[in-house]
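Student: I've got a model open on my screen and I'd like to learn how to read it. Can you walk me through it?

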Amino acid sequence: MSSVEQHRIDRINKILERLDAIPEELYEIHVQIFAGNMNRTTFVKLVDRRQALYVELENKKRELQEVYKIINN
């Protein structure tokens, strides 16, 4: 297998692994947010991280579709 093909496979696998991990991270953040009992700074950091994860999720899905022609729902 050529290094270009291997690189493509490695990149796809990395994206798919990340797509599997993001929902778990989002869940953990939601648990912390809805548990309450935190200061404003912590709340803002969690909300910012949650938003960044949603953006990352959409970007990874878009990359799979547009670059690799893979649809992952």
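This is a predicted model: local features need pLDDT of at least 70, side-chain atom pairs count only at pLDDT 80 or more; totals for chains, interfaces and linings use all residues.

Student: What secondary structure does the chain have?

Tutor: Two helices and zero strands. The radius of gyration is 16 Å, well over the 11 Å that the globule rule gives for 73 residues, so the chain is more spread out than a compact globule. Along the principal axes, its C-alpha atoms fill a box of roughly 55 × 20 × 20 Å.

Student: How do I read a helix like H1? Which of its residues are buried?

Tutor: First the general idea: an α-helix has 3.6 residues a turn, so residues three or four places apart point the same way. Now the case here: H1 covers residues 3-35 and reaches 48 Å from first C-alpha to last. Its buried residues are Ile12, Ile15, Leu19, Ile22, Leu26, Ile29 and Ile33. Helix H2 (40-66) is part of what covers them.

Student: And what happens just after H1?

Tutor: Gly36 takes a positive phi there, about 75 degrees.

Student: How many residues make up the largest nonpolar core?

Tutor: Twelve, including Leu46, Leu53, Leu57, Leu64 and Tyr68. H1 and H2 each supply at least two residues of this core, and the largest share, seven residues, comes from H1.

Student: What does Tyr68 touch?

Tutor: Leaving out residues up to four places away in sequence, Tyr68 touches Arg8, Arg11, Ile12, Ile15 and Glu63.

How values were computed:
Residues are numbered from 1 along each chain as its sequence is written. Side-chain values use heavy atoms; hydrogens and water are left out. Helices (H or I, at least four residues) and strands (E, at least two) are DSSP runs, numbered from the N terminus. The expected span of a helix is 1.5 Å times one less than its number of residues. Buried means under 20% relative accessible area, exposed over 50%, partly exposed in between (1.4 Å probe, protein chains only). Contact means heavy atoms within 4.5 Å. A nonpolar core is a set of buried Ala, Val, Leu, Ile, Met, Phe, Trp, Tyr and Cys residues joined through side-chain atoms within 4.5 Å. The radius of gyration is taken over C-alpha atoms; the globule rule is 2.2 Å times the number of residues to the power 0.38.
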